Amino acid sequence: MKKEVPMAICFILAVLYVVANYFTGSKFITTLKTTLDDWFLIVTAWAVLVGTVNLTQIHGRRIRAKREGYVFSAWLLACLYGMMLVSILIFRSANAIGWKFMYNQLIAPMNATVYATLVFYIGSAAYRSFRMRSLEATILLVTAVVMMLGRVPLGRMLLGGRPYLGQMADWILSVPNSAGMRGIQIGACLGGLATALRIMLGIERGHLGGTGE
Amino acid sequence: MSASLTLWGTWLQALFTILLVSVVFKDNPAYRFAEHTYVGLFAGYFVALTYFNYLRPNITDRLIKKGEYLLLIPIVIGLLIYTRYIRSIAWLSRYTICFNLGIGCGYVLSKDFKPFFVDQVKATFLLLWGTGNWWKTFSNWIYVVGTVTSLVYFLFTLQKKGVQGRISQIGRVVMMIAFGAAFGNTVMARVSLFLGRMQFLMGTWLKLIKI
Amino acid sequence: MWVKLASIDRRWIYGLMIFVIALALLKPVGLAIIPSADTKKVYDAIDKLPPGTIVWLGMEFSAGGVPELMPAIQAIIRQGFRHDLRFVCGGMWVMAGDMCDQAFSIAKTEFPNKKYGVDWVNIGYKPGNEVLLQRYLTNVGEAALNIDFYLNKLDTLPLMKEFPNLKSAKMLMIFCTGTPGEREYIKHVSGPNNIPLAQSCVSVSVPEIMPLIQAGQILGLLAGMKGAAEYEVLVNKPGSATAGMDAQSFSHGLIVIFMILGNIGYFLTRNKKA
């Protein structure tokens, strides 16, 4: 029953939501759905510490075993619990100067910088791997070049003020790209529906694994 | 924020930006220090924000002040996820997962079909003649043929031979155009991200440019 | 020599990229930015809204999206406040509240007559992803536990008396970098309730959003930093997006040059091997 009851809950909830979407006249079903939506927000909120526990486990093991870089792991846990406890006990809200300092001067800029470093890898990847080895690779390369030059003012400047590269880039985006993406997304939608159906019916059980019998 | 605090903050921000960017040249301890600082601070920030904006008002306002004791049910379901870390009772975490998945699947099955299948297919029914503009007619043909052929490409149950093979080939070409466009836009996005950091370093920190 | 062309050390590429971007920022050329049709659609849609209309601003992004999205948000706030529009903002992403706080920092200096709670409200982040949107459709106050990002009670804010749920918004303007994002808004909010939805997104998402625009599910799109720069031109207040377009242009040019060099080296070494 350790798997069957949770699977039954999953099935009942999914069916309830599908029924509630199509039978909107029933006050009981609508109220039940709204209550369950509320409960979903609460369940998600209370699961917030999962990331913290995982990080503590992984880095705690590294510190205990004194593996290479364990000092950094200790620093990470100090930052994690320091930020959490100082925010909750001292700052107490997002209005506090301390919170705004930590967010505006450290967290947000570091978050942005981590993504910003990808530009170097993209540039290096474009140089190393974009080779005209076949017709399809050539099409991909030419489209990428048209896009990169057409979507910035440089494209217009290179053609002496004429907007042709930009117009070509816009047409590529709105016609062939959109057509290809639509095909992929329709496929993805059907795949998502099939997966949801499989989970609901208990055919897909991967989410139940990793927790014992 | 006072001027001196802002100045300290600017220098700290510049230091961590340079430390994080240094990894592209070579992995180094300074980068690892900055990376671990970021991960720790961000995880702590996320927990604290959820606590301020949701957990604390849930307990103080709804549970204690208004006496909505029925909320103990979702609170317990949410807390059951932490039983994953205790092997003997780890199976209890399935309740949290299945509760969330059940609602998630319900929404996918009830809400996804119309906007992302029906409406998308409807929008593919474009005028293939009589638009009054030859370029529009040509574009509509490319659109319809492109959508159909890229869908045919994903019919893996049929062998890609003969007519189906040729149609799939056209679909591949259309998808290569889509991926080329995606790559071009990805470059644009990544450059913009780095540009933002350069504007901070050169403008706010070194005051070489005016933002 | 041709072998070297096909295998330039990546650190040279990185160094050149930093140099080109820095140079373009130091000495901008001032390349012309011409607003596109998609950007104008969004601008015109907001322009047509009567004064006093409430617009929902969905801050569905993290700090990584700031260079591309924040200029667009601030340009829209400027346009909106000039037309006496009112804004309620929030989001499913954890940084939604802080992003809104950062966006409305221009209100103090440029629109001192606009008051928090009357002209704009920042609900901030609440957990739940798309289920949060569904709850906002029934009752924003209940779903948000009656508190905003600054822990003010929502029922004490005058604007929230006219915004009981998300259907009270006459337009949705969302800023997205990924999931959850526009698809959640389309399936829960704009689609079933016929509320116009416009979007500003990072450039990387533009290709996958095009089918939604073609299907009429999204009214208009501000595409990345380019779209933000175009919007700054339309509201007549150039900012960081406009300032960055030169550097963006030349760095693209550099990457294209490297791609061409790499292919020249490839063909010449391939022929040599043959």
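Q: What share of the contacts in chain C between residues at least 6 apart in sequence join residues at least 24 apart?
A: Two residues are in contact if their C-beta atoms, placed from the backbone, lie within 7 Å. In chain C, 75% of the contacts between residues at least 6 apart in sequence join residues at least 24 apart. This is a predicted model: local features need pLDDT of at least 70 and side-chain atom pairs count only at pLDDT 80 or more, while totals for chains, interfaces and linings use all residues. Residues are numbered from 1 along each chain as its sequence is written, and chains are lettered from A and ligands numbered from 1 in the order in which they are written.

Q: How many helices and strands does chain C have?
A: Helices (H or I, at least four residues) and strands (E, at least two) are DSSP runs, numbered from the N terminus. Chain C has 13 helices and six strands, and its C-alpha trace spans about 75 × 35 × 35 Å along the principal axes.

Q: How many residues of chain A are in contact with chain B?
A: The count is 102 residues of chain A, in contact with 102 residues of chain B. α9(A) gives the largest share of the chain A side, 23 residues.

Q: Which classes make up that side of chain A?
A: Ala, Val, Leu, Ile, Met, Phe, Trp, Tyr, Cys and Pro count as nonpolar, Asp, Glu, Lys and Arg as charged, and the others, Gly among them, as polar. The side of chain A that touches chain B has 72 nonpolar, 23 polar and seven charged residues.
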